[in-house]
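Take a moment with the model below. We will walk through it piece by piece.

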Amino acid sequence: MTRVVSLFLPTWSTDRVRRTAGDAAPPAEAPLVLIGHDGRRRVVVAADGAAQSAGLRVGMPATRAQVLVPGLLVQDAAPTADAEALDRLALWVLQRYAPIVAACLPDGIVIDTTGADHLHGGEHAMLSGMVDRLAGSGIVARAAVADTWGAAHALARYAGRSPLISPPRAVEAAIAPLPIAALRLPPALVHNLRTLGFDRIGDLVAQPRAPLTLRFGPELGRRIDQALGLAPELIDPIRPDDLIEVRRSFPEPIGAAETIARYIGKLVVQLCAALEERGLGARRLDLLCHRVDNIMQAVRVGTALPVRDVKRLTRLLCDKIETIEPGFGIEILTLTATIAEPIDGKQTITSLIDDTVPDVSDLVDTLANRVGGSRIYRAAPVASDVPERSVCRVPAMSPETGATWSGDWPRPPRLLDRPELIEIVALLPDHPPVSFTWRGVRRRVKRADGPERLFGEWWKRDAELVAVRDYFRIEDDAGERYWIYRAGDGEDAATGSHRWFLHGVFG
């Protein structure tokens, strides 16, 4: 099942003007419009949020816009610069999210995320992360995912909420309430349809196709079929000139898994030779399969470190063959090193003078491409006395920094995501518990060590100025050891609630 994401950038052109203006950029609260030409008329071709809130809209005559909003900032439109900036943004998306990405002029990006969403935590996490990252760069975006480009395009622009996820195989129900302008029809055609009483896409879908085609031409039916998935719509992916890419065309389409695997191996050999000429190693590979029915299948694999090993890259790609649907056959295979980084040569280690250093990067790559790179990580220390803040997740193959956990008191190898409330019997203020109840089971304490007092980080939150925790290492009569603490010093209520929590388990 194909899944397509549409990113809509409603104020892309005006935002680009503000960004490129640097220090001379007009204030963000000042309404800004861009003016272009519609024949001999000067009209508004883009308006920022402030201008839209003031009642201005695209297509309005420039003179009328200036009369309606005193102090309106007016700039000449630069569609070529907008398109170049949109291509750069599409390249950013290509390198981080999916192998099939294209600019959707004048204000959007289309992404085929089939088989790639699980690498980013699912569709909702992927869309939310994408929108949040763009917002961090000052780019307003709305996102939607659906089974077709036309449906995703319509939902991102007219559904009114973001991110929006259309369930699989439910395109018609998702777009039926949307206005007919969402079908990417020419404005004149939209006007004529509205004159006849057609306001929603559902109104058009329910009508016989022949009379509509006879009166309005084939464009209307083509757009409806594309949105519903009845007609294919090819996404022509962006491919910068500096990408390292190899291609193989076939006189007869191929479809067998063994044949695809054989040609993948040949393409990897060519790609590694091109990488070696530039002193690079691949960090991300995209295999694009161009089918005879004008549909493109994509496979993406990544590596934790720059790699130029033919057997290793071939195996990673061949592990994904089962996700390829060849249909009536594949006529072109394209292999691209979407991300390539310098790779340093290493001297071969001899067993006579050096110890062999285990290399687990191959295992990390295999697991990451199966379950997602975000799920393969290792723990690294963070300078903090608060236990839950003293550890963070870093990529599995990130270099060692030499940082360690400080302190003489041991820490449990398993720390709970959130401390769990327990019931205890203890003498206050400094005695350890005599017994405690956790998850409905009462345990008798046989041995205990503590307290170890930890203080809050007052520079992060005012509430932690006087907060303390008293930690104890305890062992029950079954030999199991736990790490528990009391919130507070046992005397002053301002230091904590004086409730007890279990925070970790020792081996």
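**A walk through the fold**

R283 is partly exposed, because its relative accessible area is 26%. Buried means under 20% relative accessible area, exposed over 50%, and partly exposed in between, using a 1.4 Å probe and protein chains only. This is a predicted model, so local features need pLDDT of at least 70 and side-chain atom pairs count only at pLDDT 80 or more, while totals for chains, interfaces and linings use all residues. Residues are numbered from 1 along each chain as its sequence is written, and side-chain values use heavy atoms, with hydrogens and water left out.

What does R283 meet? Its side chain forms a salt bridge with E341 (3.3 Å, N to O). A salt bridge is a side-chain nitrogen of Lys or Arg within 4 Å of a carboxyl oxygen of Asp or Glu. R283 lies in strand β10 and E341 in strand β12, so the pair ties together parts that are 58 residues apart in sequence. E341 is also partly exposed, at 29%.

Now look at those strands. Helices (H or I, at least four residues) and strands (E, at least two) are DSSP runs, numbered from the N terminus. β10 (residues 280-291) and β12 (residues 330-342) pair in the antiparallel sense over eleven bridges. Two strands pair if DSSP finds at least two bridges between them.

Next comes a salt bridge within a helix. E219 and R222 meet at 2.8 Å, N to O. Both sit in helix α11 (residues 218-228), three residues apart, about one turn of the helix. An α-helix has 3.6 residues a turn, so residues three or four places apart point the same way. E219 is partly exposed at 24%, and R222 is partly exposed at 36%. A search of the whole structure finds 30 salt bridges.

Which residues of helix α4 are buried? They are D82, A85, L86, L89, A90, V93 and L94. The helix has 18 residues (79-96), so at 1.5 Å a residue it should span 26 Å, and its end C-alpha atoms are 26 Å apart, which agrees. The expected span is 1.5 Å times one less than the number of residues.

Finally, find W459. This residue lies in the loop between β17 (441-455) and β18 (468-476). W459 counts as exposed because its relative accessible area is 55%.
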